[in-house]
Amino acid sequence: MTAAVFFGCTFIAFGPAIALFLFTIAREPLRVIFLIAGAFFWLVSLLLSSLVWFISVQISNKESAAQQKGLLIFGVVLSVLLQETFRFAYYKLLKKANEGLLTLSQEETMPISIRQLAYVSGLGFGFMSGAFSVVNILADSVGPGTVGIHGDSQHYFLSSAFMTMAIILLHMFWGVVFFDACEKQRWWAVAAVVISHLVVSCLTFQNPEYVASLVPTYVIMFLMGVWAFYSAGGSLRNLKLCLTCKDKDFLLANHRAR
């Protein structure tokens, strides 16, 4: 049973992201490099936020429950803000890198467009975020022990897997919307990405009331997915062509490089 829980939760959490990687990124070395770089930027943001939170905990009153809860909220907010700051820094770096690649290449267009970079870097952020969110939970799922034996929720592992899947996909959507907003200098859209990220992160404080955290998260994921679809140049016509298998790669190939 523990093996079934482990593999089931792993495939729920990472299945869609791995499928996207295999079908849209793995065959392109340049995309793989940018995905790994995006994951590295997320790791650096986590390192900085962890360092600040660790120092804050050490100098705080550890016997005060209210203060420790406040520090936890502070850590979540700081982590989100640092992640989005590093997303912006990565966008600036990719712009410079793309200009350099254009100079070195013999082609008139950029070897990889900003929209592709947004998608790839967002997935890189999501992969690393998901891995750090669920790896310890998956390790515990192989046993020994039984979830809920003392009256706690038996849906802990399953809910964590679905939340991780949502976070990974949200990072991908946030990346597309964020980069498009920076390109068009729509700073209100950048603010919307940051606020939605904060909301989703704070929703996890509702656990173990998993319905109260998962349902709003998936609503936000759906809305951000629609927004990212149109930001990437999608339309109802393109969606129809995609669903009828007449234009499989319209989001990654059939648009002009920007």
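Visitor: Does glutamine 185 count as buried or exposed?
Guide: Glutamine 185 lies in the loop between H5 and H6. Buried means under 20% relative accessible area, exposed over 50%, and partly exposed in between, computed with a 1.4 Å probe and protein chains only. At a relative accessibility of 56%, glutamine 185 therefore counts as exposed.

Visitor: What kind of model is this?
Guide: Residues are numbered from 1 along each chain as its sequence is written, and side-chain values use heavy atoms, with hydrogens and water left out. Local features need pLDDT of at least 70, side-chain atom pairs count only at pLDDT 80 or more, and totals for chains, interfaces and linings use all residues, for this is a predicted model.

Visitor: What is the phi of glutamine 185?
Guide: Most residues other than glycine have a negative phi. Glutamine 185 is not a glycine, yet its phi is positive, at about 55°.

Visitor: How many helices does the protein chain have?
Guide: Helices (H or I, at least four residues) and strands (E, at least two) are DSSP runs, numbered from the N terminus. Along the sequence the pattern reads α-α-α-α-α-α-α-α. The protein chain has zero strands, and its helices number eight.

Visitor: What percentage of the contacts in the protein chain between residues at least 6 apart in sequence joins residues at least 24 apart?
Guide: Contact means heavy atoms within 4.5 Å. Among contacts between residues at least 6 apart, the share that joins residues at least 24 apart is 74%.

Visitor: What is the volume of the largest pocket?
Guide: On a 1 Å grid over the protein atoms alone, a cavity is a set of points where a 1.4 Å probe fits but cannot get out, whereas a pocket is an open set with protein on both sides within 12 Å along at least five of seven lines; lining residues have an atom within 4 Å of a point. Grid points are joined across faces, edges and corners, and a volume is the space filled by probe spheres set on the points. For the largest pocket, the volume is about 1,100 Å³. Of its 32 lining residues, the closest to the centre are Val76, Ser79, Phe132, Ser133 and Thr204.

Visitor: Which helix gives the largest share of the lining of the largest pocket?
Guide: At least two lining residues come from each of H2 (29-59), H3 (65-104), H4 (114-141), H5 (156-184), H6 (187-203) and H7 (210-231). The largest share, seven residues, comes from H5.

Visitor: How many residues apart in sequence are the parts that the pair of tyrosine 91 and phenylalanine 179 ties together?
Guide: Rings of Phe, Tyr and Trp (its six-membered ring) pair if their centres lie within 6.5 Å; planes under 30 degrees apart count as stacked, over 60 as edge-to-face and the rest as tilted. The whole structure holds 13 aromatic pairs. Tyrosine 91 lies in helix H3 and phenylalanine 179 in helix H5, so the distance in sequence between the parts tied together is 88 residues.

Visitor: How far apart are the C-alpha atoms of phenylalanine 178 and alanine 228?
Guide: Phenylalanine 178 belongs to helix H5 and, at 2% relative accessibility, counts as buried. Not counting residues up to four places away in sequence, phenylalanine 178 touches Glu84, Arg87, Phe88, Val190 and Val193. Phenylalanine 178 and alanine 228 are 50 residues apart along the chain, and their C-alpha atoms are separated by 9.0 Å.

Visitor: Which residues does serine 45 contact, leaving aside its neighbours within four places in sequence?
Guide: Serine 45 is placed in helix H2 and, with a relative accessibility of 1%, counts as buried. Leaving aside those neighbours, serine 45 is in contact with Leu82, Gln83 and Phe86.
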